[in-house]
Amino acid sequence: LIPSLSIAENLLLTRLPTTVGVIRRRRLHAQATRALERVGLADLAPETQLGELGVGVQQLVEIAAALDRDCQLMILDEPTAALSATESETLFRWLEQLRGQGVSMIYISHRLEEVKRLADQISILRDGQLVGTYDAKDVPTDRMVALMSGDAAATSPTAQPHQTHDEVMLRVNGISGGPVRAVSFDLHRGECLGIAGLVGAGRTELLRLIFGAAKASSGHLTIAGDDRQHRFHHPQQAVAAGLAMLTEDRKQNGLLLSKSIRLNATLASMWSKFASRGITRTAAEKRDVAAICEQLEVRCHGTEQLVGTLSGGNQQKVALGKWLVREADIFLLDEPTRGIDVAARRRIYQLIKTLGEQGKGIIVVSSDSEELMEICDRIAVLSNGRLVNTFERGDWSAERITEASFSGYLDRGGAA
């Protein structure tokens, strides 16, 4: 995808309708609208610049471009990573229709229930090696987890509720900006609060407003131990106040891929912990980074290895490790398990549990409602930029979360 071009230009980049070298805009937008309708994005203006869209919507545009081509083999790499359950169902219907037309597919995913649903055969990789290829009907999910992790006793991770406290670590009061409208909630010490909603509901934007990565037009925050009302204008202010943010797109916004694990892991705390008068205390830096890599089980050749050469799961661990080195108190995690394998996912679930036990506050945005129900103590649902409901553990279900996710759009005019 090319962020500086329009949606329509991205959809038909190699097939632009032209006459003597001039792009026929009306025909281009008509073709793009038909392609967008396939993935439920008919309300998007084809001339919108792609870079203005969130990662999830961009992914749907990329899928729309693939579906619009007359192809014989389609390779899909984590196509539902940033999609809601409803959007994923729309994609699955199109894939099944294409299969009926004779299109072959290679489907790469860490969401094992999708693999079981779609695949005829399943090939499992571990550490870059082929473990084996199996008929989908012959390999249950727990066996797949064991083969991927190399642990014969491995099963899907099971998280327990955190021991939360009455103390409010973060109070968000009427925060607004972009698609987010007057959102208020409390985050308690030791709590993991999930944020659910459809793509475009404002989940990522909410975290960015809290962290000062986007400008809030109204509202404020209060943080435990500080009676002042905050509205951060820069992430540096949020970091200084004890906040940390794991971005949705680690490669674009979370890591310096051409730099070492050591530099990435200490980037947020260099001046506060490892540098004095312009001189870096390299020995302390290496010691702390090595300890974090061991704690998170980062598979690498050493702390000087370039982050860009690591697997997605190990990159995500480094992105999280940066904030552990910083010793942050409030963690904002945007799609923390997106595009990583089962073993790495289980490790991150365990880390979230450990952070809660240490009295940290954690907010998790995820498109996977099953994941939120697994690891969270409460789940708040955003719909059309507003917080429409908050569910306590034991009072939620996938159906209730989905219903709440659509409610803000139905109130607006009857169709989501």
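Since the model is predicted, local features are described only where pLDDT is at least 70, and side-chain atom pairs count only at pLDDT 80 or more, while totals for chains, interfaces and linings use all residues. Residues are numbered from 1 along each chain as its sequence is written, and side-chain values use heavy atoms, with hydrogens and water left out.

Confidence comes first. The score used is pLDDT, the predictor's confidence in each residue, from 0 to 100. The chain has a mean pLDDT of 86, and 94% of its residues reach 70 or more. Over residues 153-158, however, the pLDDT is below 50, and this stretch has twelve contacts (heavy atoms within 4.5 Å) beyond near neighbours in sequence. Residues 411-416 also stay under 50, with seven contacts beyond four places in sequence. Where pLDDT is low, the predicted coordinates should not be read in detail.

Now for strand 17, residues 378-383. Helices (H or I, at least four residues) and strands (E, at least two) are DSSP runs, numbered from the N terminus. Six of the six residues of strand 17 are buried, where buried means under 20% relative accessible area with a 1.4 Å probe, protein chains only. In a regular strand the side chains alternate between the two faces of the sheet. Here, Arg378, Ala380 and Leu382 point one way, Ile379, Val381 and Ser383 point the other way, and all are buried.

What sits beside strand 17? Two strands count as paired if DSSP finds at least two bridges between them. Strand 9 (residues 192-196) runs parallel to strand 17 and is joined to it by four bridges, with leucine 193 opposite arginine 378. Strand 18 (residues 386-392) pairs with strand 17 in the antiparallel sense over six bridges, and there arginine 378 stands opposite glutamate 392. The hairpin of strands 17 and 18 has two residues between the strands, and asparagine 384 takes a positive phi near 55 degrees in it.

Strand 10 (residues 218-223) meets strand 11 in the antiparallel sense over two bridges, and leucine 221 has histidine 230 of strand 11 as its bridge partner.

Helix 4 covers residues 85-100. Just after helix 4, glycine 102 has a positive phi of about 95 degrees.

Finally, how many disulfides does the structure hold? A disulfide is a pair of cysteine sulfur atoms within 2.5 Å, and the structure holds zero. Cysteine 192 is in no disulfide, and the nearest cysteine sulfur, that of cysteine 376, is 3.8 Å away. Cysteine 192 counts as buried because its relative accessibility is 0%. Cysteine 293 is buried too, at 10% relative accessible area. The cysteine sulfur closest to that of cysteine 293 is in cysteine 300, at 4.8 Å, too far for a bond.

Terms used
Buried means under 20% relative accessible area, exposed over 50%, partly exposed in between (1.4 Å probe, protein chains only). The expected span of a helix is 1.5 Å times one less than its number of residues.
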